[in-house]
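Good morning, and thank you for coming.

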Amino acid sequence: MKIDLHTHSYYSDGMLSPTELLRRAIAQKIDILALTDHDTLLGVEEIQQAAFNQPIRVIPGLEISCQWREQTIHMIGLNVDINNLSLKKKLAEVSDMRRHRAENIMRKLMKFGVPGLDENVSRSVRGVYGRLHISRYLVEKGYASSHGQAFKRFLSRGKVGYQPTQWMDLEEAVQLIRHAKGISVIAHPRRYDFTMKKLASLLEVFKSHGGDAVEVATTAQNKSDQQLIAGVAKQLDLALSIGSDFHEPCGYNELGKASFLVNTEGMKRVADLL
Ligand code: AMP
Ligand code: MN
Ligand code: MN
Ligand code: MN
């Protein structure tokens, strides 16, 4: 069974429409696919319609930006009720906040000497604004040779285009997902630049708030990372999830690419809870 529970469309910072994403997933022989755009559910109805009568199961989801100990954490919500009012209300606020944040970032970068940002970026955004939209323009115009470089030089903490953001607390994100009857998953745990000890504390706090799972298999999470995370997850009785974090067709990532490498026999898997 091929499963991918972490993907993006052009309603956040992905490049494909939900329909194109679905077609690609079918071509990749995915059995279960979750659409998990950043802080929005805008693409869910389209992908559900596109999946009608197709040999694939679609899970409505999202990836919530939240914070814990002043660090940004990404939390996936799976199988959420897309009509849940408190979730919808909060996402509308976050969407406004993301637009203001992007405007501030672009103002800083234009002052620094990057012309034409706002009209180009605004044209590329269909749902919520993300830093990747700005990074794409910086790479296209030669200010950076890659997204890695654009983030490092311009967009990360302390750099000329950095704009501090107050995301919701980790606990609020868990509660929002719970109230919308979804399953909460800590995304790409090795990307936070935490020691294993700090990561274990994060997962412990997450569990104590009612969190459900952690991504054990995701892009650039190698076998030893997976082993460490599976070990902590087992201790805390957290389920395991798999997701590629696909944003666009490219050389190094593909839908369904992340799969379990380590032996997770006997452990709870998110796919079995859906
Ligand atoms: P935001 O949610 O607006 O803060 O932007 C975070 C998103 O930017 C992530 O979900 C990634 O898609 C992208 N991103 C962050 N850092 C990098 C990087 N070094 N290389 C490529 N994409 C990145
Ligand atoms: Mn992204
Ligand atoms: Mn993420
Ligand atoms: Mn993601």
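I shall describe the surroundings of the ligand.

This is a predicted model, in which local features need pLDDT of at least 70, side-chain atom pairs count only at pLDDT 80 or more, and totals for chains, interfaces and linings use all residues. Residues are numbered from 1 along each chain as its sequence is written, chains are lettered from A and ligands numbered from 1 in the order in which they are written, and side-chain values use heavy atoms, with hydrogens and water left out.

Which residues surround ligand 1? They are D13, H38, R98, R101, G130, R131, L132, H147, G148, F151 and H247, where a residue is near if one of its heavy atoms lies within 4 Å. This shell divides into two nonpolar, five polar and four charged residues, with Gly counted as polar.

Let us turn to polar contacts, which are pairs of N or O atoms within 3.5 Å. An oxygen atom of ligand 1 is 2.8 Å from a polar backbone atom of R131. For H38, a polar side-chain atom lies 3.0 Å from an oxygen atom of ligand 1. In D13, a side-chain N or O atom is 3.2 Å from an oxygen atom of the ligand.

Finally, the helices, which are DSSP runs of H or I with at least four residues. At least two shell residues come from each of α3 (85-112), α5 (131-140) and α6 (147-155). The largest share, three residues, belongs to α6.

Conventions. Polar contact = N/O pair within 3.5 Å; in protein donor to acceptor, adjacent residues only side chain to side chain.
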